[in-house]
Structures are given as structure tokens and as C-alpha cells.
Amino acid sequence: MFNENNPILKVKNISKVYAEDKNNIVNALNDVNFEIIKGEAFGLVGESGCGKSTLAQIIMNLIPADKGEILYTKDKTEINILSLKGKKMKALRKEIQFIFQDPYSSINPRKKIGWLIKEPLIIHKIGADDAQREKMVDEMLCSVGLDKNYKNRFPSELSGGQRQRVAIAIALILNPEFVICDEAVSALDVSVQAQILNLLRDMQKKMGLTYLFISHNLNVVSYISDRIAVMYLGEIVETGNSEIIFKNPLHPYTKALFSASVNIEDVMLKGEPPSKSTLIKGCVFASRCGYCSEKCLAEKPVLKETADGRKIACHLYNEH
Ligand code: ADP
């Protein structure tokens with residue numbers, strides 16, 4: 001469906017350690033690699049604390065990585081986002097937008113909706129004059145399913161779903177190419193979640209967007225994503241076509257997630273997660289895995305392609 005030779009974003013060998021002091025070290029990401037193809041929705045799924053938001057912030061160049069590159073393709077040229085500063089980064093921010101979980105904390109409650117949606121146009125000097133910018137705001141409000149009269153309201157006068165529609169309008173007004181949705185519907189009621197996911201899908205089609213869709217909720221990720229990556233303790237354990245993985249999960253962690261529940265937070269796994277203060281030598285999932293062997297404790301499995309095109313980091317499959 002998508003041209004694999006046309007990646008828009010490459011996450012290459014990204015590692016990140018938070019070290020506030022030597023007694024407080026967290027290995028948040030360890031050698032994370034994946035590519036996102038232009039036009040697809042790529043889902044990143046994993047339980048809370050596995051490093052999803054850290055990765056999102058690194059991709060947006062909001063926090064530094066310790067190792068690795070984030071390569072973004074713009075006009076057929078690859079740019080390492082992590083090396084960009086100042087004006088160059090500001091220019092790229094127009095292309096890469098984000099939508100967060102809690103619309104109330106990500107939008108200024110003291111500003112009216114119309115101003116909030118118009119502000120990015122002013123910052124990036126888009127539109128010939130104010131009248132044109134107002135017209136763009138009206139059109140965007142209509143696209144996200146809100147009447148233009150909402151321009152004069154404050155965020156506090158809106159429901160959670162309406163506020164998330166505003167957050168989507170703010171993210172899309174600059175006509176970006178790539179949008180990171182970090183738990184974008186997690187704070188909403190289930191019925192409203194479906195409406196917002198449908199809106200995101202419609203906007204994707206209409207504007208040709210590429211999504212990185214981050215969530216701990218398998219239902220949400222399966223609904224929107226073409227391909228997924230499953231993350232456990234800062235490492236990708238399985239990645240590939242979402243339909244194939246959902247129908248037949250292979251990695252013991254993915255299996256546990258999919259067999260038990262659609263909500264990762266409800267999954268009961270054997271054993272305890274290991275401490276994040278030291279890097280794990282063997283498989284990151286070994287302490288919780290029913291199939292764990294000596295090899296799993298001693299040797300880290302690498303992501304390896306299987307016959308159906310997915311990649312999996314597990315000695316159960318790596319040996320074949
Ligand atoms: P997720 O988004 O999957 O919930 P995070 O990226 O927020 O995961 O966190 C990954 C790990 O890094 C967690 O153990 C978290 O406690 C830790 N962490 C996140 N941010 C910081 C920080 N600023 N300082 C120290 N540790 C952090």
C-alpha cells in the first residue's frame with residue numbers, strides 16, 4: 001500500500017539515559033530503530049514508562065538523545081533533526097506538529113479559540129493579511145467539525161472532545177507533513193475517542209499526513225495504524241504490519257498484550273520488570289517471559305525479519 005522506499009522519518013540507534021545523579025539513573029531508550037513511511041499511520045505501543053514520550057520529545061528535538069540520529073526527509077534530502085538549531089529548527093517545526101493527550105494543558109486557557117488557531121500562522125508569517133488568516137481559521141474550524149462561532153469562545157467553555165478538535169486545528173493549520181499524536185485520545189471517553197480517531201483519519205486522507213501515533217491502548221493503535229512497533233522497557237520487541245501482528249502476535253510480550261486485554265495497563269505478566277538503572281545484557285523481557293532460556297539472559301536478541309515481513313527481537317524466532 002505504501003512505498004517502503006519512501007520513508008519520511010528514520011529513527012536510528014536512539015538511546016537515552018536520564019541521570020539526575022549517580023543514584024538516580026534511568027535507561028529510558030536503548031538503541032531504538034524504525035522507519036516511518038510517507039503517508040502511513042505508524043503506531044508506537046507499550047505500557048506506561050516504556051519510553052514512548054521520551055522518544056516523541058527526541059524526535060521533536062525538545063530533549064537531546066545520548067546516541068543516534070532522527071533523519072527526516074524533506075524535498076528528497078535527509079536532515080538529522082537532532083543537529084538542527086534556531087531558524088532551521090523553527091522552519092522544520094512547521095512540517096512536524098504534535099497533538100498531546102491533555103488538550104487543556106497544551107492550549108492557553110486565557111486565549112480565545114480563534115486566536116489560538118491563528119497564532120501559528122502569525123508566528124510563521126503565513127497569509128497575506130489578517131482577513132486571509134481569519135478565513136483560514138474558519139476553514140480549519142469547519143474541517144475539524146466546529147462552527148466558526150467557536151472562535152469567540154474560551155477553551156473552558158468547550159467539552160474535552162471539542163478541545164481536542166481545537167488542538168488538532170492548531171496542529172494542522174500550518175499544513176504539516178508529519179504529525180506526532182502522543183496519547184491524543186487517552187483522556188477522552190470511549191465514544192468521543194472514536195469520533196476523534198475518525199477525524200484524525202479523515203484529516204490524514206484529506207491532507208496527505210503521516211502520523212506517528214503513540215498510545216498505551218491497543219484498541220486505539222489498532223484502529224488507526226498501518227504498521228506498529230511494540231516497545232518494552234525502551235526497546236522495540238516487535239514491529240511490522242499491524243493487521244499481521246494483531247492476528248498473530250509472535251513476541252511473548254506482544255502475545256501477552258494481545259491475549260489478555262486490549263488495554264496494556266490491565267495486562268498481568270509473570271515476574272517483575274527489571275530495574276532501569278542498569279542496561280540489561282540479555283533480552284529486555286527475560287525476567288517476565290515464560291519461555292526464558294539461559295541464552296535469553298546472556299545474549300540480547302536483535303530485531304530480525306520473519307517470513308511474513310515483520311521484525312521480531314526474540315531468540316525463539318531468531319534461531320530459525
Ligand atoms: P512513557 O511515555 O512510555 O510513559 P516516558 O518516556 O515518559 O515513558 O518515561 C520512560 C522512563 O523514563 C520512565 O521510567 C520515566 O520515569 C523516566 N523519565 C521520563 N522523563 C524523565 C526525566 N525528565 N527525568 C528522569 N526520568 C525520566
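Modeller: Here is a walk around the ligand. This is a predicted model, in which local features need pLDDT of at least 70, side-chain atom pairs count only at pLDDT 80 or more, and totals for chains, interfaces and linings use all residues. Residues are numbered from 1 along each chain as its sequence is written, and side-chain values use heavy atoms, with hydrogens and water left out.

Start with the shell. There are 13 residues around the ligand, each with a heavy atom within 4 Å of it. Gly49, Lys52, Ser53, Thr54 and Lys276 come nearest.

Where do these residues sit? Strand 1 (7-21), strand 2 (24-37) and helix 1 (52-59) each supply at least two residues of the shell. Helix 1 gives the largest share, 3 residues. Helices (H or I, at least four residues) and strands (E, at least two) are DSSP runs, numbered from the N terminus.

By type, the shell holds 4 nonpolar, 5 polar and 4 charged residues. Here Ala, Val, Leu, Ile, Met, Phe, Trp, Tyr, Cys and Pro count as nonpolar, Asp, Glu, Lys and Arg as charged, and the others, Gly among them, as polar.

Now the atoms. A polar side-chain atom of Thr54 lies 2.5 Å from an oxygen atom of the ligand. For Lys276, an N or O atom in the side chain is 2.8 Å from a ligand oxygen atom. Gly51 uses its backbone: a polar atom there is 3.1 Å from an oxygen atom of the ligand.

Last, the cover. On its own, the ligand has 560 Å² of accessible area, and the protein covers 65% of it. Such areas come from the Shrake-Rupley method with a 1.4 Å probe.

Conventions: A polar contact is a pair of N or O atoms within 3.5 Å; within protein, one must be able to donate a hydrogen and the other to accept it, and residues adjacent in sequence count only if both atoms are side-chain atoms.
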